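Colleague: I've got this model open and I'd like to learn how to read it feature by feature. Could you walk me through it?

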Amino acid sequence: ALLLARLDNEDFDLDVYLDRAERIVRNVSENFPDNATGEEKLKVLVKHLFDQLGYHGSTGDYLSRSNSYLNEVMDDREGLPITLSVLFIELADRLDLPVSGVGIPRHFIAMYREKGDEQKPDLKPKEILIDVFDGGKFVTREEASELSGFELTENDFKPASKRSIILRMLRNLLNGAEEERDAPARMRYLDAILAIDPEENYSRAMRAMVHYGEGRFDKALEDIEILVKKNPDAPQTEPLREIRDRLRARRQE
């Protein structure tokens, strides 16, 4: 997540932020009560990060790319739900707390979930949902549904994979570049998305159209050929087939 900043800032010092994270962890662990439970440790982390250090959700320029770069989130102590969650998850991991990310529709939260008891399979493991955007507030599943604006199901509370989190962060950066009409940045983010997930058809189609619109016809053709090959006879690929045929004819001229 920190390395995403290298897409726009090749010179930032990665170790500075890794060291800062370790320093936070040391300070938090020093405040753990003796024989503290996982929940008690979680509350100490929340208090330190949000009350003492003042991390908070960005309410100003929400789409600012600073909110999507973890190094700048750590500098400014504000960010998006997903970047604050990533920081929280990684700090929790270093403290041996079982916290993961949950990408509910239109929002992102952290989830503390203890390991289940194999001897008591019917007993649900302890679960705490944390809205890091709202100062680390503990929320219920019903409140999470209200935050999302959708009625959430059990499937919505599955932990997000690390890859899906990085891709979601990149899409936020892509939205920011679109808002700012920053064409070079938009292409960097599209390239990164497709490097991580070559099967992401929407981003490949977008990149093809950007290449086409900016006159890089060979590059556009490469992406279009891949998309058409996946669904050669599908009705939705008809416009792509037409563009492909025009580009092939242009290449032969």
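Colleague: What share of the contacts between residues at least 6 apart in sequence join residues at least 24 apart?

Modeller: Here that share is 51%. Bear in mind that we're looking at a predicted model. As for the overall picture, the chain has ten helices and six strands, and its C-alpha atoms fill a box of roughly 80 × 45 × 30 Å along the principal axes.

Colleague: And how much of the chain is buried?

Modeller: Of the 253 residues, 42% are buried. Buried here stands for under 20% relative accessible area. The largest nonpolar core holds 55 residues, and Leu 45, Tyr 55, Phe 88, Leu 91, Val 99 and Ile 130 are those with the most contacts inside it.

Colleague: Let's take one of those. What does Tyr 55 touch?

Modeller: Leaving out residues up to four places away in sequence, Tyr 55 touches Ile 24, Leu 49, Phe 50, Val 73, Met 74, Arg 77, Glu 78, Leu 84 and Leu 87. Two of those names come back when we get to the helices: Ile 24 is a buried residue of helix 1, and Leu 49 is one of helix 2.

Colleague: Helices, then. How do I check the length of helix 1 against what's expected?

Modeller: Compare the end-to-end C-alpha distance with the span expected at 1.5 Å a residue. Helix 1 has 16 residues and reaches 23 Å, close to the expected 22 Å. Its buried residues are Tyr 17, Ala 21, Ile 24, Val 25 and Val 28. They lie on the same side of helix 1, because they cover an arc of only 100° around the axis. Helix 2, helix 3 and helix 4 are among what covers them.

Colleague: How does helix 2 do on that length check?

Modeller: It agrees: the 15 residues of helix 2, 38-52, should span 21 Å, and the end C-alpha atoms are 20 Å apart. The buried list for helix 2 runs to Gly 38, Leu 42, Val 44, Leu 45, Val 46, His 48, Leu 49 and Phe 50. The cover over them includes both helices and strands: helix 1, helix 4, strand 3, strand 4, strand 5 and strand 6.

Colleague: Which residues of helix 5 are buried, and which are exposed on the other side?

Modeller: In helix 5, residues 141-148, the buried ones are Ala 144, Ser 145 and Ser 148. Their arc around the axis is only 105°, so they sit on the same side of helix 5. Glu 142 and Glu 146 are exposed on the other side. The buried residues pack against strand 4 and strand 5.

Colleague: Next up, backbone torsions. What should I look for in phi?

Modeller: Asp 96 lies in the loop between helix 4 and strand 3 and is exposed, at 70% relative accessible area. Arg 181 has a positive phi too, near 55°. Arg 181 is in the loop between helix 6 and helix 7, exposed at 78%.

Colleague: Last topic, rings. How many aromatic pairs are there?

Modeller: Three. In one of them, Phe 12 and Tyr 17 are tilted, 5.9 Å centre to centre with 55° between the planes. Both partners count as buried: Phe 12 has a relative accessible area of 7%, and Tyr 17 is at 10%.

Colleague: And where does the charged end of Arg 141 sit?

Modeller: Over the ring of Phe 157, 4.2 Å from the ring's centre.

Key: Residues are numbered from 1 along each chain as its sequence is written. This is a predicted model: local features need pLDDT of at least 70, side-chain atom pairs count only at pLDDT 80 or more; totals for chains, interfaces and linings use all residues. Side-chain values use heavy atoms; hydrogens and water are left out. Rings of Phe, Tyr and Trp (its six-membered ring) pair if their centres lie within 6.5 Å; planes under 30 degrees apart count as stacked, over 60 as edge-to-face and the rest as tilted. Buried means under 20% relative accessible area, exposed over 50%, partly exposed in between (1.4 Å probe, protein chains only). A charge sits over a ring if NZ of Lys or CZ of Arg is within 6 Å of the ring centre and within 35 degrees of the ring normal. A nonpolar core is a set of buried Ala, Val, Leu, Ile, Met, Phe, Trp, Tyr and Cys residues joined through side-chain atoms within 4.5 Å. Contact means heavy atoms within 4.5 Å. Helices (H or I, at least four residues) and strands (E, at least two) are DSSP runs, numbered from the N terminus. The expected span of a helix is 1.5 Å times one less than its number of residues. The arc is that of the directions from the helix axis to the C-beta atoms.
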